[in-house]
Amino acid sequence: MARFKARPNPRTRPAKQLKSNTKKSAQTASHSSGGISKHDRVLGLLRSKGGTTIAAISKVTGWQPHSVRGFFAGIVKKRLGLTLESEKTKSGRIYRIVRAKASTSAPSPSALGNAEQTDA
């Protein structure tokens, strides 16, 4: 009976080999290609005047609908702090990013006084 040489366990490899493998995977995972990411595509669709549907985002990104809704909650609302508006229409629910209205009022005198004091 022939004995087969056992494969080395990947967990027992020396640390140098593990580090070099992680560097390679980090380089391939980096965003150095300069292309448009899925994140950017989704935000572009949401910023469009007509808005977009979850189905359209799923088609562009390849994500499942629950992943799109998670992106809305986690990235759009929480991380980026954008206001997401949802509107029910005959063709389905339309999502869009609402632009924040800039206040046109002048800063209060107390705010100006505090700024002058900190500059001095």
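The model is predicted, so local features need pLDDT of at least 70 and side-chain atom pairs count only at pLDDT 80 or more, while totals for chains, interfaces and linings use all residues. Residues are numbered from 1 along each chain as its sequence is written, and side-chain values use heavy atoms, with hydrogens and water left out.

**Overall fold**
- The protein chain has five helices and two strands, taken as DSSP runs numbered from the N terminus (helices are H or I with at least four residues, strands are E with at least two).
- Read from the N terminus, the order of elements is α-α-α-α-β-β-α.
- Of the 120 residues in the protein chain, 17% are buried (buried means under 20% relative accessible area, exposed over 50%, partly exposed in between, with a 1.4 Å probe and protein chains only).
- The accessible surface comes to about 10100 Å², and carbon and sulfur atoms hold 55% of that surface (Shrake-Rupley method, 1.4 Å probe; for residues, only the protein chains shown count as cover).
- Among contacts with a separation of 6 or more, 39% join residues 24 or more positions apart (a contact means heavy atoms within 4.5 Å).

**The nonpolar core**
- The largest nonpolar core holds 13 residues, and L46, I57, F71, F72, V76, L84 and Y95 have the most contacts inside it (such a core is a set of buried Ala, Val, Leu, Ile, Met, Phe, Trp, Tyr and Cys residues joined through side-chain atoms within 4.5 Å).
- At least two residues of this core come from each of α2 (38–47), α3 (54–61), α4 (65–79) and β2 (92–98).
- Helix α4 gives the largest share of this core, with five residues.
- Beyond its neighbours within four places in sequence, L84 contacts L46, F72, V76, K77, Y95, R96 and I97.

**Helix α2**
- V42, L43 and L46 are the buried residues of α2.
- These residues lie on the same side of α2 because they cover an arc of only 95° around the axis (the arc is that of the directions from the helix axis to the C-beta atoms).
- The packing partners of the buried α2 residues are α3, α4, β1 (83–89) and β2.

**A look at T61**
- T61 sits in helix α3 and counts as buried because its relative accessibility is 5%.
- A polar atom of the T61 side chain lies 2.7 Å from the backbone oxygen of I57.
- The backbone nitrogen of W63 lies 3.2 Å from a polar atom of the T61 side chain.
- Leaving out residues up to four places away in sequence, T61 touches K38 and V42.

Notes:
Polar contact = N/O pair within 3.5 Å; in protein donor to acceptor, adjacent residues only side chain to side chain.
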